Structures are given as structure tokens and as C-alpha cells.
Amino acid sequence: MILNKGVQAFSGVTGDYLDMRWEKDGIAVEVLFSKAGLATQILVTTEETAFLIDAGDGTLRDLIHKNFLPQRLKGIFFTHGHADHMAGLYGILGFLRAENHTGTFRIWYPKGCEEVRAVIDAFQRCYKNTTPFTLVEHALNDGDEVEIGQIKVLAREVKHWHSIKGQLLRPAPAMGYRLEFRGITIAVTGDTAPCPSVVELVQDADLALIEASLPDEVSEEQKMFLHLTHSEAKKLGTLARDFRFIHLPKD
Ligand SMILES: [Zn+2]
């Protein structure tokens, strides 16, 4: 079943995918919110497990709004440390603590991701001795595989730089993910410029969530190191069985 209440892809340069839900044979993927520079959060659920891919600002609000109990989450896979992908982490940890959640909460991030590490450190500095759940972190390398319930998650390094207003600073540790559940495959590109690994992630996926941040008419530098243009995203989409654009421009 596909419920897509968002604007159809590329009717213009903008569009949103609030409430985008895709479901197939026991696995559901919901883009709770996704807009470049603001926030991106994706919820993956099966009968036995649930986790987020990225947790931008407002993730907790989005979960509660959907009547989804954050205590059901096994953890969060972060694609990279930019604020629009991880600013909601502190809120989720604080909520779980305040609700006296027990058990293990896992956080996966690309190795070297300073921002996610810094938020975990800040949380633990304040609450380490009064947090009822166990926080476990995993730094991922290219090609790492994680099993969570019956879902296998493959992490692939993608190409994305730190930048300010399009000015390149330095490479950011960044991952895309490919999920496999009973033969169903789902790809999430994360933020990336065109690169071989993002093609491999998306190839033949049953669903590909593809970032499409840039209008076609930006500098070559931005196209090389920051994001996919609409044309690149579209081209990539044809490799998958079904796809949706995420991380569309905010204006
Ligand atoms: Zn980014």
C-alpha cells in the first residue's frame, strides 16, 4: 500500500513528503518529515522491530503525533552529522529517560561523525548516572552490516562535504543504507553527490528514498561534492523498482 499525500515529485523544485508511507509484506517505511536544511526523519517498522534513519529537529513531535511510542525504537541510524539529520537526537534520549525506559537503545553513525558523538557526550555528561536505559553506540565503516530483528542493514560510504551556503569546507563522514527484509530491499541515499556507492545502494531496490536537494542550475562544485541535482536523482530513481525523492529544497 502506498499513501503519498505529498506533492508529486518535481512538479516544481519544491515538494514535501509529510506522511509518505510505503509498505510491503511486513515492512513499513515512513518519511515523517524531509526537507533540506530543516529536518529529515524516516521511521522503519516491522512487527518485531522499529528504528529511525536520521532524526532531525521535531522527530519526537512527529512520532508522538503519529501515536508511535518512542519506547518501541531499537535505535537510530544516522546518515551523517549535519543538524538537519540529527538535531532531534537529544530530545529522544531525554524523553526515553524521563519515561523511565529500560533496555538498550543503539545509535549507529558513520565513523568519525563528530556531531552525533558530541550530542551523546553532552547527554551522558548530564545524565549518565540517572539514565535507566543502556545507550550503545556503533561507529560504522563502509560495507559494515548490521542485523536488527530480521532486517539486515548495509552501510555504504557516500560523498558529502561540510559546507556553508554552498561553500565547501571539508568531507563529512556520510553513509547511505540498504535494508533487506525477507527479500525486500529499501535504499536510503543519505546526503550525497553522485558516486559509485549510491548507485550500488539504489540498484534494483524495491524502494529507494533519494535525496534531491539541488536544482539543476548550481555550480559544478556543488554537484561534485554536496548533493544530487533533480536530474541526477531522477536518473538514479530509474535504477530502482520504486522511488521517492526526499530532502527537497526548502524554498
Ligand atoms: Zn548534509
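**Strands, confidence and core**

Reply: Strand β3 (residues 27–35) pairs with β4 in the antiparallel sense, over seven bridges. Strands here are DSSP E runs of at least two residues, numbered from the N terminus. Two strands count as paired if DSSP finds at least two bridges between them. This is a predicted model: local features need pLDDT of at least 70, side-chain atom pairs count only at pLDDT 80 or more, and totals for chains, interfaces and linings use all residues. Residues are numbered from 1 along each chain as its sequence is written.

Me: Which residue is the bridge partner of V29 in β4?

Reply: V44.

Me: And what lies between β3 and β4?

Reply: Three residues, making a hairpin. G37 sits in that turn, with a positive phi of about 80°.

Me: Which residues does β4 cover, and is it mostly buried or exposed?

Reply: β4 spans residues 39–45, and six of its seven residues are buried. Buried means 20 or more other C-beta atoms within 10 Å of the residue's own; exposed means 12 or fewer, and partly exposed is in between, with C-beta atoms placed from the backbone.

Me: What about β4 and β5?

Reply: Antiparallel again, over five bridges, with β5 at residues 50–55. A hairpin of four residues joins β4 to β5. T45 stands opposite A50 in β5.

Me: What is the phi of D54?

Reply: Positive, about 70°, although D54 is not a glycine. D54 is in strand β5. D54 counts as buried because 30 other C-beta atoms lie within 10 Å.

Me: And K165, where is that?

Reply: In the loop between β11 (161–164) and β12 (167–171). K165 is also a non-glycine with positive phi, near 50°. K165 counts as exposed because it has 4 other C-beta atoms within 10 Å.

Me: New topic. Which residues does I42 touch?

Reply: Leaving out residues up to four places away in sequence, I42 touches V29, E30, V31, L32, L52, I53, D54, V188 and L209. A contact means C-beta atoms, placed from the backbone, within 7 Å. I42 is also among the residues touching the most other members of the largest nonpolar core, which has 70 residues. Such a core is a set of buried Ala, Val, Leu, Ile, Met, Phe, Trp, Tyr and Cys residues joined through C-beta atoms within 7 Å.

Me: What's the mean pLDDT?

Reply: 91 for the chain, and 92% of its residues reach 70 or more. pLDDT is the predictor's confidence in each residue, from 0 to 100.

Me: Where does pLDDT stay under 50?

Reply: Over residues 1–15. The model has 23 contacts for them beyond four places in sequence. Where pLDDT is low, predicted coordinates should not be read in detail.

Methods. Two residues are in contact if their C-beta atoms, placed from the backbone, lie within 7 Å.
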